[in-house]
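Please open the model in your viewer and get your selection tool ready.

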Amino acid sequence: MLRIYTHEDCLEHLVPEHHPERPARLAFLIEHLERTGFTKDYPLQVAPQIGKVLMGHAHDATLIHQLTERVPEAGLTPIDPDTWISPKSLIAARYAAGAVWQGVQDVMTGEATRVFCAVRPPGHHAESGGPMGFCLLNSIAIAAINALALPGVQRVAVLDFDVHHGNGTVEMCRKHPEILVCSSFQHPFYPGRYHDVVQSNIVNTPLDAGIAGDTFRRAIEASWWSAIESHQPDLILVSAGFDGHREDPVGNWNLEDDDYGWVTAEIVALAGQYSSGRVVSVLEGGYDLNALARSALVHLETLASA
Ligand SMILES: [Zn+2]
């Protein structure tokens, strides 16, 4: 059974004009899910906010304090040239992280088998001590680290197929050998941090600009599946970024809608083998509205089908 979490405040994280990570991404995706009738079968559920204690298990206390201090009463505050905070940004980020954490609880209690979190801002670039790259809180790392305290969770796998490296997830999870992180990414490319970490629970899969689906599929097959087989995760989390699509204006890969269906089907099959089918996926990148909406729908249909 698939559940979809979102929250209307995720549309209230505002950014400067022409910023690619804009509220329209999520609004267009949700309209697409409604237009295609997908939400008739899988109605949108309201995400809760992540609690401060859970955030503090994964992020430095100073980061949460700094973010809180920098929330403006009006207008926009820059954290770096890419990353901005508006009055409701921290609340939006707390709903995004809360969606993933609720998803983890749902799959661990058996209320759902698969969960997709249609949220923003994205999270996988945020490190333990600092927001960056459009990301404020690292939703997937918060969920992975806190999941280790749940009954029945000894090992977690985080699979990240966004066109950018999940530097924050690697940095935050590297000290937890119970968490396997696999990240495929265009290289060299943003952000260029923690992509050369060599340790058994980190699988970095750099790929050239310009690659198409066949190269992506071969690389994932060669580097991820055997690592998951050895790790035997009780829970699979997915950083679902769709900015490797051919039509995406930010990434330079040439993936098609079908490639996202393929990687999702493979993940679902592995989840069936190792984690009683449990998959919690969260939206990361994807900046062409149409390509994002189509690819995310293929991802959701595949999550729902098996
Ligand atoms: Zn990305």
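A crossing is called left-handed if the near helix is turned anticlockwise from the far one by less than a right angle, and right-handed if clockwise. This is a predicted model, in which local features need pLDDT of at least 70, side-chain atom pairs count only at pLDDT 80 or more, and totals for chains, interfaces and linings use all residues. Residues are numbered from 1 along each chain as its sequence is written.

**First stop: two helices.** Select residues 257-274, helix α10, and residues 289-305, helix α11. Their axes (lines fitted to C-alpha atoms over the stretch in contact) are 8 Å apart and meet at an angle of about 25°. That makes α10 roughly parallel to α11 (angles under 35 degrees count as such). Their crossing is right-handed. Now show the contact (C-beta atoms, placed from the backbone, within 7 Å): α10 brings Asp257, Tyr260, Gly261, Thr264, Ala265 and Val268, while α11 brings Arg294, Ser295, Val298, His299, Thr302 and Leu303.

**Next stop: a covered helix.** Select residues 139-147, helix α6, where nine of nine residues are buried (20 or more other C-beta atoms within 10 Å of a residue's own). Among them are Ser139, Ile142 and Asn146.

**Last stop: the whole chain.** Zoom out to find 11 helices and 10 strands (DSSP runs: H or I, at least four residues, for helices; E, at least two, for strands). Buried residues make up 52% of the 306 in the chain. The C-alpha atoms fill a box of roughly 50 × 40 × 40 Å along the principal axes.

Notes
Axes are lines fitted to C-alpha atoms, for helices over the stretch in contact, and angles run from 0 to 180 degrees between N-to-C directions. Angles under 35 degrees count as roughly parallel, over 145 as roughly antiparallel, 65 to 115 as roughly perpendicular and the rest as oblique. Two residues are in contact if their C-beta atoms, placed from the backbone, lie within 7 Å. A residue is buried if 20 or more other C-beta atoms lie within 10 Å of its own, exposed if 12 or fewer, and partly exposed in between; C-beta atoms are placed from the backbone.
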